[in-house]
Amino acid sequence: MSHTFAGTGRLAAAMLRADRIRIPVWVLAMAAFVAYAAAGIPAVMGEEGLQARAEVMKEPAGAMMAGPGYGIENYTIEILMANEMLGMFAVAVAIMSLLLVVRHTRAEEEAGRTELVRAAPVGRFAQLTAALLVLLAANAAVAVGLGAAMVAVGMAPTLDAWVFGAALGGVGLVFGTTAAVTSQLSANSRAASGMAGGLLGAAYVLRAVGDAQQPGGSALSWLSPIGWAQQLRVFVDLRPEPAWLAAGAVVVLSGTAYALAARRDVGAGLLPERRGRARASAAGRTLLGVTIRLERPRLIWWAVGLYVFAALTGSLAGPMAEVMGEQPQLLAVLGVDPADEEAMASLVSEAMGMFLMFFAMAVAVYAAAAAHRLRGDEAEFRTELALSAAVQRAWWLGAPLLVSVVGSALLLVVAGVGLGTGAAAEIGAGAVGEFALAALAYAPLLACWAAAAMLLYGLGRGSAVLWAVLGAAFVIGMYGSLLDVPAAVQDAEPFGMVEAMALAGGDGDWTPIWWAAAVAAVLSAAAMALFRRRDLTG
């Protein structure tokens, strides 16, 4: 082995040991869910239910949320899994992969451990190569685990079941190597993860818009690695071309990562960092001002991404109105005259308003990450320095919590404005204000997620439990009825309790809103009280 790769094996073994729990948990959780969905959906829906589901997939909104809609003429459980579950699991595997690579490359450099490792006889490319080997192992486990789960529950043909798992592993490799590139560009792990995550979001948007444009997907679908997995047409008419695209992307991205790594120093990124001011402004001398300044880039990127996705979603109002107009029986049941333009616009507005829940779920991820920076500050001993000055412990949590809550509300408004802007051509300019106001109904609920994150930080605990609960809420909210989740559990799912459009129209139940606000206040107070009573662990 060339000296530039010396020590790769030992580093890879150390990384695998560090991830000996994390990777199996990811794989087993996804495999268990795949097996449960594949076995449970047919029992719940039956043959008629599956065909009814196929009708949903024919609509642009259905394709946008799920997939391109192959094989809907004879919709089986295998085709449903390929159409509606493959894209969702692709996002999960992509997140696992990009976090894995950033954790073992850029985060190690940021913490100063790479410099210590490189002081030993370790090659220049050893750490990057070891991280890519671990990435390969993790996605091989994903491919085998999910493929085996599909075979175990009787998905046929067996070859397609294994391709289902392999497609997910391929998506993971693409985004893992993407993170290897962003880790060379940025000097800190947060920016590297953010850039890779932004590309993942762009890939999802391209896939969603491309699939909504025409049945089977358009050219935009082929620009997305998530689209490549779905364009394999698993369980319908298997074709290999998307797999070659994914393999080529992995080779190009890996080569790019090595080329960039050869051109930079340890601890440095290739993208220049902007110099700060010589003297802080008046706001910069306060804890709240510093918190806002640190949070501003993340908030801006979230706002841009949400607005684009919401506007694209709103642009589907026209096709949605056409589809509704072609279903006179449905309109008769709803009591809507298709010749009544105002009534039709109101109906489309209500249908589009259902997307607000999905945007609220997305913003909940932003809110649940409220304590992430505080954990980093404590680990790097910055919290000790700050609290040694005239900073109250309660305000040390209160300032970032306040910024997260206000930021979440702003993101909700941005999503509502984007949705209304996209739909305005079909249902009128008033949709902008209507959707923005309706989106704000989720603000107290998102404050609960931010306060829960702070509560766990106040206890000195990690956030794994919070993310698990949030993920469960997403799955139940989106697929609860499809998976035959007990009614009591579906009723307890928080996002479904908020009647956003009804509240904006002055005819909704405010009780869940008040309860959410009260719970957020109690959790916030408990977080501050607990943080005051524990020792710092940095």
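This report walks through the confidence, charged pairs, aromatic pairs and backbone features of a predicted model.

## Ground rules and confidence

Because this is a predicted model, local features need pLDDT of at least 70 and side-chain atom pairs count only at pLDDT 80 or more, while totals for chains, interfaces and linings use all residues. Residues are numbered from 1 along each chain as its sequence is written, and side-chain values use heavy atoms, with hydrogens and water left out.

Let's begin with pLDDT, the predictor's confidence in each residue, from 0 to 100. The chain has an average of 86, and 96% of its residues score at least 70. Helices here are DSSP runs (H or I, at least four residues), numbered from the N terminus. Among the elements of the chain, the highest mean pLDDT, 95, belongs to helix 11 (residues 241–261), and the lowest, 67, to helix 14 (residues 328–334). Where pLDDT is low, the predicted coordinates should not be read in detail.

## Salt bridges

Side chains of opposite charge can pair when their charged atoms come close. A salt bridge is counted when a side-chain nitrogen of Lys or Arg is within 4 Å of a carboxyl oxygen of Asp or Glu. The whole structure holds 10 of these salt bridges. One of them joins Glu378 and Arg534, with the closest N and O atoms 3.1 Å apart. This pair links distant parts of the chain: Glu378 belongs to helix 17 (residues 372–379), Arg534 to the segment after helix 25 (511–533), and the two are 156 residues apart. For burial, the scale is relative accessible area (buried under 20%, exposed over 50%, partly exposed in between; 1.4 Å probe, protein chains only). Glu378 is buried at 5%, and Arg534 is buried at 12%.

Elsewhere, salt bridges connect Asp19, Arg22 and Arg103 in a network.

## Around Gln127

Gln127 is part of helix 7 (residues 126–152) and is buried, with a relative accessible area of 14%. Setting aside neighbours within four places in sequence, Gln127 is in contact (heavy atoms within 4.5 Å) with Leu11, Met15, His104, Thr105, Glu108 and Thr114. Glu108 in turn has a salt bridge to Arg113, at 3.1 Å from N to O. Arg113 is partly exposed, with a relative accessible area of 43%.

## Backbone features

Most residues other than glycine have a negative phi, and most peptide bonds are trans. The loop between helix 10 (225–231) and helix 11 contains Arg233, whose phi is positive, near 55°. Phe235 is placed in the loop between helix 10 and helix 11 and has a positive phi of about 70°. Arg233 is buried, at 19% relative accessibility, and Phe235 is buried at 10%. Arg233 also forms a salt bridge with Asp237, the closest N and O atoms being 3.3 Å apart; Asp237 is partly exposed at 43%.

Another place to look is the peptide bond between Ala156 and Pro157, which is cis, with omega about 0°. Pro157 sits in the loop between helix 7 and helix 8 (158–185).

## Aromatic pairs

Rings of Phe, Tyr and Trp (its six-membered ring) pair if their centres lie within 6.5 Å; planes under 30 degrees apart count as stacked, over 60 as edge-to-face and the rest as tilted. A search of the whole structure gives 10 aromatic pairs. Among them is the tilted pair of Phe355 and Phe358, 6.3 Å centre to centre with 50° between the planes. Both residues lie in helix 16 (residues 355–368), 3 residues apart, about one turn of the helix. Phe355 is buried at 6%, whereas Phe358 is partly exposed at 26%.

Trp449 and Phe495 make a stacked pair, 6.2 Å centre to centre and 10° between the planes. Trp449 lies in helix 21 (residues 443–459) and Phe495 in the loop between helix 23 (487–492) and helix 24 (500–504), so the pair ties together parts that are 46 residues apart in sequence. Trp449 and Phe495 are both buried. Finally, ring pairs bring Phe5, Phe125 and Tyr258 together in a cluster.
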